[in-house]
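The following report describes the fold and the packing of a protein chain. Please read it alongside the sequence and the model.

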Amino acid sequence: MNSRTDATAELKGDPKAGRNTDQAEEKLPPLQLHQFLPHRLNVLSSLVSQALTRVYGQHGIGIPEWRVLVSLGQFGVMTGKAIGSRTHMHKTKVSRAVAELERRKYLTRRTNRADLREAFLSLTPAGRAVYDELAPRALEFTQKLSEVVAPADRAAFDRAVAALTERSAKLVEEMEPQSAPDDGTAPQDLAP
């Protein structure tokens, strides 16, 4: 193979790429990062997040604020706890995002009289205007992103994503006794 062919094969994950035949007979390490599914999903998530930031970043909001804004745009009124549950964000991240959106006058909170520790959150007219502006652009982004998956493969892709999500949730439940750090920096907070 020439060096260009080697580089292409290496990018495609060929473990023998870039090695001479003597090296090819060496035992490969049991874990190769470029083939490790959690890593591949994390890279995909990171790249999607970076690209999607161009949709909502002009309003000076980040991923957590985006998730809160879209959740309230979709459901109208929610508690911070409900938003955290739906978006898989740690309560600290939700709280900070809510405070930032409230500071920017994009949302309002109303105390829950039945539980004074909890507040009902909803978008203000300014927040609704931002949501109404960004929602079509986010859907256009989704269309551009997903057009690389052939129409005949989309149902299978959706089933695979749903199955991986469900399985991951079960794995998290199985690991519950091993509590994660309560610093608000859960790995799932990286995705949009």
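## Contacts and overall make-up

Among the contacts in the protein chain with a separation of 6 or more, 57% are accounted for by residues 24 or more positions apart. The model is a predicted one, and of the 192 residues of its protein chain, 26% count as buried.

The secondary structure of the protein chain amounts to eight helices and three strands, and these elements follow one another from the N terminus in the order α-α-α-α-β-α-α-β-β-α-α.

In soluble globular proteins, nonpolar side chains tend to be buried together. The largest nonpolar core of this model comprises 26 residues, and those with the most contacts inside it are Val68, Leu72 and Ile83. Two or more residues are given to this core by each of the elements α3, α4, α6 (91-103), β3 (119-123) and α7 (125-146).

## The crossing of α4 and α7

Two packed helices are described by the angle between their axes and the distance between the axes. For α4 and α7, the axes come within 10 Å and cross at roughly 100 degrees; because angles of 65 to 115 degrees count as roughly perpendicular, the two helices α4 and α7 are therefore roughly perpendicular to each other.

On the α4 side, the contact is made by Trp66, Leu69, Val70, Leu72, Gly73 and Gln74, while α7 contributes Gly127, Arg128, Val130, Tyr131, Leu134 and Ala138. By residue class, the contact of α4 with α7 divides into eight nonpolar residues, three polar and one charged. Leu72, one of the α4 residues in this contact, is also among the residues with the most contacts inside the largest nonpolar core.

## The aromatic pair

The structure holds one aromatic pair, formed by Tyr56 and Trp66, whose rings are stacked with 4.7 Å centre to centre and 15 degrees between the planes. The pair links distant parts of the chain, since Tyr56 lies in helix α3 (residues 37-56) and Trp66 in helix α4 (residues 63-75), ten residues apart.

Are the two partners buried or exposed? Tyr56 is buried, because its relative accessible area is 0%, and Trp66 is likewise buried, with a relative accessible area of 8%; the cut-off behind both assignments is a relative accessible area under 20%.

Methods
Residues numbered from 1 in each chain as written. Predicted model: local features only at pLDDT ≥ 70, side-chain atom pairs only at ≥ 80, totals over all residues. Heavy atoms only, no water. Phe/Tyr/Trp six-rings, centres within 6.5 Å; stacked < 30°, edge-to-face > 60°. Helix = DSSP H or I, 4+ residues; strand = E, 2+ residues; numbered from the N terminus. Buried < 20%, exposed > 50% of the residue type's maximum accessible area, 1.4 Å probe, protein only. Core = buried A, V, L, I, M, F, W, Y, C linked by side-chain atoms within 4.5 Å. Axes fitted to C-alpha atoms, helices over the stretch in contact; angles between N-to-C directions. Parallel < 35°, antiparallel > 145°, perpendicular 65-115°, else oblique. Contact = heavy atoms within 4.5 Å. Nonpolar A, V, L, I, M, F, W, Y, C, P; charged D, E, K, R; others polar.
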